[in-house]
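Thanks for coming. I have one model to go through today, and I will keep to what can be computed from its atoms. Please have a look at it first.

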Amino acid sequence: MVVNKKEEVAIEGTTSGFNASTFLKETKEELDKVVWPGRQQLLSESAGVLLMVTLSASLIYLADNFLRWASGQIFG
């Protein structure tokens with residue numbers, strides 16, 4: 001029997017409920033497709049994230065202090 005894609009989807013759609021074994025099998029298949037970073041890539045990208053967070057926090061700190069000083073000059 002030849003089944004085209006449309007009929008195949010309709011047949012799959014008729015089954016209802018959760019099947020844990022199918023879920024786990026498909027989850028394992030998806031995790032096998034993941035390209036995990038190597039140690040060097042992980043370390044360098046983590047350092048980049050920490051650097052950007054530090055720079056962003058410093059910029060926000062400086063802007064906050066400047067605006068606090070400016071509002072003190074105007075309203076103080």
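The chain has 3 helices and 0 strands. Keep in mind that this is a predicted model. Along the sequence the order is α-α-α. Two of these helices will come up by name: α2, residues 20–33, and α3, residues 39–75.

How much of the chain is buried? Of the 76 residues, buried ones make up 1%. The accessible surface is about 7400 Å², and carbon and sulfur atoms account for 67% of that area.

Now the aromatic side chains. Searching the whole structure gives 2 aromatic pairs. One of them is F18 with F23: the ring centres are 5.7 Å apart and the planes meet at 50 degrees, so this pair is classed as tilted. For those who want the reasoning, planes under 30 degrees apart would count as stacked and over 60 as edge-to-face. F18 is exposed, at a relative accessible area of 65%. F23, which sits in helix α2, is partly exposed at 45%.

The pair formed by F66 and W69 is also tilted, with 6.0 Å from centre to centre and 35 degrees between the planes. How far apart are F66 and W69 in helix α3? They are 3 residues apart, so about one helical turn separates them. F66 is exposed, with a relative accessible area of 51%. The threshold for exposed is over 50%, so F66 qualifies at its 51%. W69 is exposed as well, at 52%.

Back to F18 and F23 for a moment. Together with L24 they make a nonpolar surface patch of about 380 Å². So for F23 the picture has three parts: a place in helix α2, a tilted ring pair with F18, and a share in this patch.

That leaves the charged side chains. How many salt bridges are there? The count is 3.

I will start with helix α2. D32 bridges to K28, and their closest N and O atoms are 3.1 Å apart. Both residues lie in α2, separated by 4 residues, or about one turn of the helix. As for accessibility, D32 and K28 are both exposed.

K33 and E30 form another bridge, at 3.2 Å from N to O. These two residues are 3 apart in helix α2, so again the separation is about one helical turn. K33 is exposed, with a relative accessible area of 60%, whereas E30 is partly exposed at 46%.

The remaining bridge I want to show joins R68 and D64, with an N to O distance of 3.0 Å. Where do R68 and D64 lie? Both are in helix α3, 4 residues apart, which is about one turn. R68 counts as exposed at 52% relative accessibility, while D64, at 38%, counts as partly exposed.

For the nonpolar patch, look at F18, F23 and L24.

That is what I have. I am happy to go back to any of these residues on the screen.

Technical notes. Residues numbered from 1 in each chain as written. Predicted model: local features only at pLDDT ≥ 70, side-chain atom pairs only at ≥ 80, totals over all residues. Heavy atoms only, no water. Buried < 20%, exposed > 50% of the residue type's maximum accessible area, 1.4 Å probe, protein only. Areas by Shrake-Rupley, 256 points an atom, 1.4 Å probe, with all protein chains shown as cover. Phe/Tyr/Trp six-rings, centres within 6.5 Å; stacked < 30°, edge-to-face > 60°. Patch = residues over 30% accessible without salt bridge, like charges linked within 9 Å, V, L, I, M, F, W, Y side chains within 5 Å. Salt bridge = Lys/Arg side-chain N within 4 Å of Asp/Glu carboxyl O.
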